[in-house]
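I opened my notebook for a friendly look through this one.

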Amino acid sequence: MAIHVEAVQNLNPEDFMQINEEHVRLGDSLELLCTTCHNLDNQLDCRSCSREKLATCQGRLISFFYNVINFSSAHFKHEESIMLRQSGVTKDDEDFRRHQQAHSNMLNALYEIINECDLLDSRGRTAEAYRNLCNRMSEKFKEHDRMFDGIYLKKRLAEATIQ
Ligand SMILES: [Fe+2]
Ligand SMILES: [Fe+2]
């Protein structure tokens, strides 16, 4: 773990800010999605909403499916390329490989969640698709943040803000 800790802490400010910004954008788009459905915190279905509202929800859901995969895969590649630019980090480095593997597992998990939610939506269970997607994706991103990205980037941000 030591090399990875050092690698992230030694990010130059520009790389660091870019990665941090990408995390914020990802969080914001998930937040926007999860505040779209009015039935996220109950078990009602879309019959409690107007047809216009349902159309908005369905449109946003589908565009989120595409955006989250494109954005996440670009972000993961970006993060990995930055890690590899740090001194002492190679593709064979164990911490780098673990983080890379976590990104690959994460993309597979995102595909799986999206497929299930797409099926729910296509069966007219859009609110359930939202509940399922928001809970599971938030959990996945939080877990990755907790185990890999978050601690060190936040520490680095705190240092950058102080300077
Ligand atoms: Fe990561
Ligand atoms: Fe990340």
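Entry one, the layout. I read along the sequence and noted the pattern α-α-α-α-α. I keep in mind that this is a predicted model. My tally of elements came to five helices and zero strands.

Entry two, burial and contacts. I looked up how much of the protein is buried and found 20% of its 163 residues. I then took the contacts between residues at least 6 apart in sequence, and 78% of these join residues at least 24 apart.

How do the axes of α2 and α3 cross? I found that helix α2 (residues 13-34) and helix α3 (residues 51-85) have axes that come within 11 Å and cross at roughly 160 degrees. Angles over 145 degrees count as roughly antiparallel, so α2 is roughly antiparallel to α3. I also noted that their crossing is left-handed.

Next I listed who makes the contact. From α2 I wrote down Asp15, Ile19, Glu22, Leu26, Ser29 and Leu33. Facing them in my list are Arg60, Phe64, Asn67, Phe71, His75, His78, Glu79 and Ile82 of α3. I sorted the residues of this contact into six nonpolar, four polar and four charged.

Which residues of α4 are buried? I found His99, Leu110, Ile113, Cys117 and Asp121.

Key. Residues are numbered from 1 along each chain as its sequence is written. Chains are lettered from A and ligands numbered from 1 in the order in which they are written. This is a predicted model: local features need pLDDT of at least 70, side-chain atom pairs count only at pLDDT 80 or more; totals for chains, interfaces and linings use all residues. Axes are lines fitted to C-alpha atoms, for helices over the stretch in contact, and angles run from 0 to 180 degrees between N-to-C directions. Helices (H or I, at least four residues) and strands (E, at least two) are DSSP runs, numbered from the N terminus. Angles under 35 degrees count as roughly parallel, over 145 as roughly antiparallel, 65 to 115 as roughly perpendicular and the rest as oblique. A crossing is left-handed if the near helix is turned anticlockwise from the far one by less than a right angle, and right-handed if clockwise. Two residues are in contact if their C-beta atoms, placed from the backbone, lie within 7 Å. Ala, Val, Leu, Ile, Met, Phe, Trp, Tyr, Cys and Pro count as nonpolar, Asp, Glu, Lys and Arg as charged, and the others, Gly among them, as polar. A residue is buried if 20 or more other C-beta atoms lie within 10 Å of its own, exposed if 12 or fewer, and partly exposed in between; C-beta atoms are placed from the backbone.
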